Amino acid sequence: AGLAGLAGLAGLAGLAVVVGLAACAGTGSSTDVAAIAKSIDSLDTNVQRWFNAGMTDSVVADYYTSDAVVMDSNSPADKGSDAIRSDLNGMYKTAVLRIHFERSSLVAADSLASDHGHYTLELRDKKDTSKVLMSDHGNYVTTFVKRNGQWRALYDISTTEIPLPAPAAPAKATAKRK
């Protein structure tokens, strides 16, 4: 299928979730989307602060569900609290994270909500935070569920807008001299 085919399938899956949520929202449900947006805004403000402060335990316990799946470009999915914690702790050993994201839209029905928006990210050297090791920007989709009265992220997917580097040119064959 190739990368383009996989990206297309992923896009269709995301579209199916949004269409499904929109259909649920249009059934006359008494969902208070403004109240859900306010709750998720507060959660988003906190998680950005926690990410930027390296507060892994707060991110894992207070933003994600225990069975959350985090999917980032060019890496395997983190499934569950232990995998998310392990990846974050590994990153925080060498880098300081600076992330900002802003929602473009939110669709919600009952105890399920999904938003998408744009993010910017910088990884900075832990010893010299003025040194940017990597920067990125792109799009995200997060699906939230309300469990035990609390909204938490269940699926968190980000895709970079930065193109992959061009493939290396093939090595030229050199003729042997006799």
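A salt bridge is a side-chain nitrogen of Lys or Arg within 4 Å of a carboxyl oxygen of Asp or Glu. This is a predicted model, so local features need pLDDT of at least 70, side-chain atom pairs count only at pLDDT 80 or more, and totals for chains, interfaces and linings use all residues. Residues are numbered from 1 along each chain as its sequence is written, and side-chain values use heavy atoms, with hydrogens and water left out.

By the salt-bridge rule, the count comes to five. Asp57, Asp82 and Arg85 are linked in a network of salt bridges. Within it, Asp82 pairs with Arg85, their closest N and O atoms being 3.8 Å apart. Asp82 and Arg85 are three residues apart in helix H4, so about one helical turn separates them. Asp82 is exposed, at 63% relative accessible area. Arg85 is partly exposed, at 26%. Here buried means under 20% relative accessible area, exposed over 50%, and partly exposed in between (1.4 Å probe, protein chains only).

Now follow a pair that spans the sequence. Asp41 forms a salt bridge with Arg103, with 2.5 Å between the closest N and O atoms. Asp41 lies in helix H2 and Arg103 in strand E3, so the pair ties together parts 62 residues apart in sequence. Asp41 is partly exposed, at 36%. Arg103 is also partly exposed, at 23%.

Another salt bridge joins the side chains of Arg124 and Glu122 (2.6 Å, N to O). Glu122 is partly exposed, at 24%.

Methods:
Helices (H or I, at least four residues) and strands (E, at least two) are DSSP runs, numbered from the N terminus.
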